[in-house]
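Grab a pencil and work through these exercises with the model open beside you. Try each task before you read its solution.

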Amino acid sequence: MKKQKYLFEELITEIKEAYLQDGDASFYKDGGWCVYAKKADLNLKSECYVLPYPKYDLETDTEEENEFAVQNGLEFVYRDEMLQDVIAAAVDEDADISNKKLLKAIKYYEKYDTFMDID
């Protein structure tokens with residue numbers, strides 16, 4: 001990702017534009033990342049943060065919470081794969097899909113664990 005702090009709408013746009021330009025290959029350039037925010041129920045104007053995956057300690061079998069997230073009272077919202085997969089599937093159905101519809105598709109996937117039909 002290009003930066004750490006986003007409006008959720010900016011992040012959706014960046015993922016969509018990268019997918020339209022480079023396809024699935026664009027998804028693996030940045031390594032793993034997660035979206036964090038003050039509240040998990042994001043809307044297009046919500047501030048969110050793109051941070052690396054939490055580190056996993058094999059010895060204690062625990063995830064180490066991201067220090068920046070903890071210090072700033074942020075909670076985990078989404079993993080990169082989920083956002084990318086949902087946006088790619090929706091864009092494949094409608095290359096001109098709006099961010100509002102993409103947000104709806106993300107929320108649908110979050111609730112039902114399946115892709116929403118784009119009409």
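Let's begin with handedness: a crossing is left-handed if the near helix is turned anticlockwise from the far one by less than a right angle, and right-handed if clockwise. This is a predicted model, so local features need pLDDT of at least 70 and side-chain atom pairs count only at pLDDT 80 or more, while totals for chains, interfaces and linings use all residues. Residues are numbered from 1 along each chain as its sequence is written, and side-chain values use heavy atoms, with hydrogens and water left out. Helices (H or I, at least four residues) and strands (E, at least two) are DSSP runs, numbered from the N terminus.

**Exercise 1.** Work out how helix α1 and helix α3 pack, and which residues make the contact.

Step 1: find the two helices. α1 covers residues 8-22 and α3 covers residues 80-93.

Step 2: get the geometry. Axes are lines fitted to C-alpha atoms, for helices over the stretch in contact, and angles run from 0 to 180 degrees between N-to-C directions. Here the angle is about 60 degrees and the axes are 10 Å apart. That makes α1 oblique to α3. The cut-offs: under 35 degrees is roughly parallel, over 145 roughly antiparallel, 65 to 115 roughly perpendicular, and the rest oblique.

Step 3: α1 passes α3 in a right-handed crossing.

Step 4: list who touches whom, where contact means heavy atoms within 4.5 Å. From α1 come F8, L11, I12, I15, K16, Y19 and L20, and from α3 come L83, Q84, I87, A88, V91 and D92.

Step 5: sort them. Ala, Val, Leu, Ile, Met, Phe, Trp, Tyr, Cys and Pro count as nonpolar, Asp, Glu, Lys and Arg as charged, and the others, Gly among them, as polar. This α1 and α3 contact then has 10 nonpolar, 1 polar and 2 charged residues.

**Exercise 2.** Now bring in α4 and describe how it crosses α3 and α1.

Step 1: take α3 with α4. Their axes come within 10 Å and cross at roughly 125 degrees, which makes α3 oblique to α4. The crossing of α3 past α4 is right-handed.

Step 2: find the touching residues. By class, that's 9 nonpolar, no polar and 1 charged.

Step 3: take α1 with α4. These axes also come within 10 Å, but cross at roughly 95 degrees. So α1 and α4 are roughly perpendicular to each other. F8, E9, I12, T13 and K16 of α1 meet N99, L102, L103 and I106 of α4. The classes here are 5 nonpolar, 2 polar and 2 charged.

**Exercise 3.** Find the largest nonpolar core and say which elements supply it.

Step 1: know the rule. A nonpolar core is a set of buried Ala, Val, Leu, Ile, Met, Phe, Trp, Tyr and Cys residues joined through side-chain atoms within 4.5 Å. Buried means under 20% relative accessible area, exposed over 50%, and partly exposed in between (1.4 Å probe, protein chains only).

Step 2: size it up. The largest core has 30 residues, and F8, L11, V35, Y78, L83 and I106 have the most contacts inside it.

Step 3: trace the suppliers. At least two residues each come from α1, β2 (33-37), β3 (47-52), β6 (75-79), α3 and α4 (99-112). α3 gives the most, with 7 residues.

Step 4: zoom in on L83. Leaving out residues up to four places away in sequence, L83 touches F8, L11, I15, W33, V35, Y78 and I106.

Step 5: look for another core. A second, separate one has 6 residues, including C34, Y36, Y49 and L51.

**Exercise 4.** Are L58 and D61 buried or exposed?

Step 1: check accessibility. L58 counts as exposed because its relative accessibility is 76%. D61 is exposed as well, with a relative accessible area of 54%.

Step 2: check the backbone of D61. Most residues other than glycine have a negative phi. D61 isn't a glycine, yet its phi is positive, about 55 degrees.
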